[in-house]
Amino acid sequence: MSYYEHIRELTKSVPTNLVDFSLPRDLARTPTQATSNFITNKEQGDWAERLIIQAINEISENYIAVKYSKSDDIIAGEEGFDEFYKQFQEELDTIGKRLDILIFKKVDYDGNFGIDISQVAHNEITDYVKRAVAGIEVRSSAFLIDRYEAAMQVRTQRFTEIALEKRDKILEDYADLLAHPNRSKYIPVLQAINAETLSVTDFKVPGWSSSERLVQLNTHFKELKRAIKEIQKRDFLSITPKVEDIKVVYKWIETFNVPHFYFQVFFDKVFGISFEHILEIISDPDKESVVFSVEADTKNQNKTTIKINSKSGIQIAYKVDEPQHESIRKEMGRGRLLFYVTFKGGTAYLDVENLRTILGIEEKDF
């Protein structure tokens with residue numbers, strides 16, 4: 001069974017309410033205006049790609065990383081962008097979504113193309129791309145994952161203590177009010193709350209206000225509810241494939257039959273996961289809200305995004321040296337100014353064994 005055939009079988013298990021592979025992809029609107037935040041995110045993504053390409057090429061004797069994704073410095077609002085975006089959409093329907101990076105054996109590498117084939121028309125490199133051993137989609141995140149996880153542990157512990165204290169106070173200090181038949185239904189709800197059940201506990205805040213003590217009791221319920229909501233927020237940083245991308249990634253795999261991977265670059269570490277494993281995870285409803293969540297990404301035009309716990313993947317780089325950064329001024333039409341941040345330098349220290357494991361490369365071959 002080929003790689004593509006294996007992926008095709010896995011897609012049959014993905015819930016259609018999440019991704020329906022039988023339907024054509026949704027057509028995207030042409031962006032009309034870029035923002036400073038958008039350009040900064042793009043610059044960060046470009047830096048993350050360079051970081052991975054450099055790290056692989058510096059450490060491997062027999063493989064080479066090549067830039068592949070369709071990209072351009074032109075942005076929405078500049079002359080020529082509409083045509084660029086139209087061609088990009090047409091390519092999505094023809095071959096699928098180009099990955100950011102391709103990995104080739106050096107014996108299969110064509111030096112005439114160099115290590116950047118992003119500007120080469122797809123019909124000129126179809127056979128060449130099929131020789132790749134892996135393709136990597138790079139995602140970047142403006143977090144230090146170790147700091148984030150430590151902060152989330154502190155947050156969860158703090159709000160757990162607040163919630164349990166509020167539970168005890170309500171049961172002990174307001175037992176007489178809760179004994180009333182109209183309010184007694186809250187007693188079993190409160191009694192069921194413990195450190196293990198807080199993550200799934202839910203109730204409606206009463207809204208009592210007919211006496212001073214009832215107002216106090218209602219306030220305690222509000223504070224309990226607020227603490228529970230904090231505990232139930234997603235507490236992991238994620239690898240983030242957009243739902244709309246999964247179909248065009250599948251189209252690319254169908255076209256080239258090359259294994260596909262996602263690498264999530266943080267400012268201190270890098271994690272990777274195979275597209276195969278992503279499909280396996282989102283096909284298992286028991287993993288939702290535990291290993292992955294499905295959210296509207298407010299930072300990306302509210303596009304539906306699958307957020308998979310980064311630790312479900314493999315640590316690709318155990319350390320990242322942060323890049324230098326500087327502010328850039330860009331003048332748009334009608335004198336509109338955009339200021340954004342660009343990134344240079346930095347180093348990713350690869351866990352070579354993990355990199356080989358995820359890509360399926362033997363030590364003697366790497």
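How far apart are the end C-alpha atoms of helix 3 (residues 81–95), and what span should its 15 residues have at 1.5 Å a residue? The end C-alpha atoms of helix 3 are 21 Å apart, which agrees with the 21 Å that the 15 residues should span; the expected span is 1.5 Å times one less than the number of residues. The tour returns to this helix after a view of the whole.

**Before starting**

This is a predicted model, in which local features need pLDDT of at least 70 and side-chain atom pairs count only at pLDDT 80 or more, while totals for chains, interfaces and linings use all residues. Residues are numbered from 1 along each chain as its sequence is written, and side-chain values use heavy atoms, with hydrogens and water left out.

**The whole protein**

Display the C-alpha trace, which spans about 85 × 55 × 45 Å along its principal axes. A cartoon view shows 11 helices and 12 strands; helices (H or I, at least four residues) and strands (E, at least two) are DSSP runs, numbered from the N terminus. Of the 366 residues, 45% count as buried. Buried means under 20% relative accessible area, exposed over 50%, and partly exposed in between, with a 1.4 Å probe and protein chains only. Among the contacts (heavy atoms within 4.5 Å) with a separation of 6 or more, 75% join residues 24 or more positions apart.

**Helix 3**

Select helix 3 and colour F81, F84, Y85, Q89, E91, L92 and I95, which are buried. These residues lie on the same side of helix 3, because they cover an arc of only 160 degrees around the axis; the arc is that of the directions from the helix axis to the C-beta atoms. An α-helix has 3.6 residues a turn, so residues three or four places apart point the same way. Just after helix 3, select G96, which takes a positive phi of about 95 degrees.

**The nonpolar cores**

Which residues touch the most other members of the largest nonpolar core? They are Y68, W252 and F275, in a core of 46 residues. A nonpolar core is a set of buried Ala, Val, Leu, Ile, Met, Phe, Trp, Tyr and Cys residues joined through side-chain atoms within 4.5 Å. Helix 9 (residues 243–256) supplies the largest share of this core, with 7 residues. Centre the view on W252: leaving aside neighbours within four places in sequence, its contacts include Y68, I95, G96 and V129. Another core, of 30 residues, lies apart from the largest one; L51, Y63, A134 and I316 are among its members. In soluble globular proteins, nonpolar side chains tend to be buried together.

**A buried glutamate**

Move to E49 in helix 2 (residues 36–59). Is E49 buried or exposed? At 8% relative accessibility, E49 counts as buried. Its side chain makes a polar contact with the side chain of K67 at 2.9 Å. A polar contact is a pair of N or O atoms within 3.5 Å; within protein, one must be able to donate a hydrogen and the other to accept it, and residues adjacent in sequence count only if both atoms are side-chain atoms. Beyond its neighbours within four places in sequence, E49 is also in contact with S69, D100, I101 and V138.

**Salt bridges**

The structure holds 24 salt bridges, each a side-chain nitrogen of Lys or Arg within 4 Å of a carboxyl oxygen of Asp or Glu. Select D93 and R25, whose closest N and O atoms are 2.8 Å apart. This pair links distant parts of the chain: D93 is in helix 3, and R25 is in the loop between helix 1 (3–11) and helix 2, 68 residues apart. D93 is partly exposed, with a relative accessible area of 45%, whereas R25 counts as buried at 15%. Next, select K97, E137, R139, K242 and D245, which a network of salt bridges links.

**Final stops**

Select N309 in strand 8 (residues 303–309). N309 is buried, with a relative accessible area of 17%, and is in contact with F236, L237 and V291, leaving aside neighbours within four places in sequence.

Finish at G345, in the loop between strand 11 (337–344) and strand 12 (347–350). G345 touches W47 and P323, not counting residues up to four places away in sequence. Draw a distance from G345 to S209: the two are 136 residues apart in sequence and 60 Å apart in space, C-alpha to C-alpha.
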